[in-house]
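Reader: Could you walk me through the covalent and charged links in this model? I would like to learn how to read each kind of feature.

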Amino acid sequence: MHLYYSMNKTLITILLFPIATLVAAQDVYVKIAEETCACISKNDLSKSSKQEIEIQLGLCMLESANNNKLEVDMKDNAQMTKLGEAVGLKMAAICPKIFTYLIEAKKVKEEQLEIVGKLKSIIEGDFNYVVVKDDAGREQKLIWLRYFKGSDDLMDNVGKLAGKKVRIKYADLECYSPKAKSYVKYKEIVELMFEE
């Protein structure tokens with residue numbers, strides 16, 4: 001009887017341990033979410049860029065994770081993503097305003113990503129680059145990776161279009177460069193319009 005009771009107790013402990021561990025992990029994520037919300041709320045985010053908000057969020061989250069003895073390997077992308085997702089879900093209920101700032105900052109950034117100037121040339125290669133001399137007199141090189149609105153105009157008429165006023169909307173894109181052995185930022189063309 002004593003052996004039966006002891007075995008049952010051991011079995012219950014084994015079965016409940018993962019549940020208790022999961023509940024404890026969830027409690028830690030809630031605490032980190034609360035502390036991250038409190039930390040980031042100290043900053044005025046109304047004029048911050050999306051990248052600035054994301055950096056601040058990451059710093060607050062890591063500080064709280066360290067304070068709560070949650071071991072995080074910053075070089076492990078999968079672990080960092082898991083932490084971000086788990087804490088982010090909890091934060092959405094605690095401080096949803098932060099996510100509003102992120103959405104608004106993204107919209108502002110997208111609206112600002114454009115170049116106005118004169119079409120200079122197209123550099124052909126594995127990928128084509130459109131070269132524009134902007135209104136400030138600087139040469140801007142934008143990568144042509146895929147179809148975009150206005151790309152048909154460039155295909156056969158480059159010689160005729162050189163020197164024409166153009167407005168280009170673009171998105172920042174980071175790609176790994178084997179030659180540079182690091183990530184390089186490109187301006188990917190999203191839309192191109194010729195102006196009279």
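**Disulfides and salt bridges**

Author: The structure holds two disulfides, a disulfide being a pair of cysteine sulfur atoms within 2.5 Å. This is a predicted model, in which local features need pLDDT of at least 70 and side-chain atom pairs count only at pLDDT 80 or more, while totals for chains, interfaces and linings use all residues. Residues are numbered from 1 along each chain as its sequence is written, and side-chain values use heavy atoms, with hydrogens and water left out.

Reader: Which cysteine forms a disulfide with Cys37?

Author: Cys95 does, with the two sulfur atoms 1.9 Å apart. The torsion about their S-S bond is about -65°, so this disulfide is left-handed. Cys37 lies in helix α1 (residues 2–40) and Cys95 in the loop between α3 (77–94) and α4 (97–112), so the pair ties together parts 58 residues apart in sequence. Helices (H or I, at least four residues) and strands (E, at least two) are DSSP runs, numbered from the N terminus.

Reader: Are Cys37 and Cys95 buried or exposed?

Author: Both Cys37 and Cys95 are buried. Buried means under 20% relative accessible area, exposed over 50%, and partly exposed in between (1.4 Å probe, protein chains only).

Reader: What does Cys39 pair with?

Author: Cys39 forms a disulfide with Cys60, their sulfur atoms 2.1 Å apart. That link is left-handed, with -65° about the S-S bond. It joins distant parts of the chain, from Cys39 in helix α1 to Cys60 in helix α2 (residues 50–67), 21 residues apart. Cys39 is buried at 17% relative accessible area, and Cys60 is buried at 2%. Counting bonded cysteines along the chain, the disulfide pattern is 1-4, 2-3.

Reader: How many salt bridges does the structure hold?

Author: There are seven, a salt bridge being a side-chain nitrogen of Lys or Arg within 4 Å of a carboxyl oxygen of Asp or Glu. One of them joins Glu114 and Arg167 at 2.4 Å, N to O. Here Glu114 sits in strand β1 (residues 114–123) and Arg167 in strand β4 (residues 165–177), distant parts of the chain 53 residues apart. Glu114 is partly exposed at 28%, and Arg167 is partly exposed at 25%.

Reader: Which residues are linked with Glu195 in a network of salt bridges?

Author: Glu114 and Arg167 are linked with Glu195 in that network. Elsewhere, Asp134 and Arg138 meet in a salt bridge of 3.2 Å, N to O, and Asp134 is buried at 8%.
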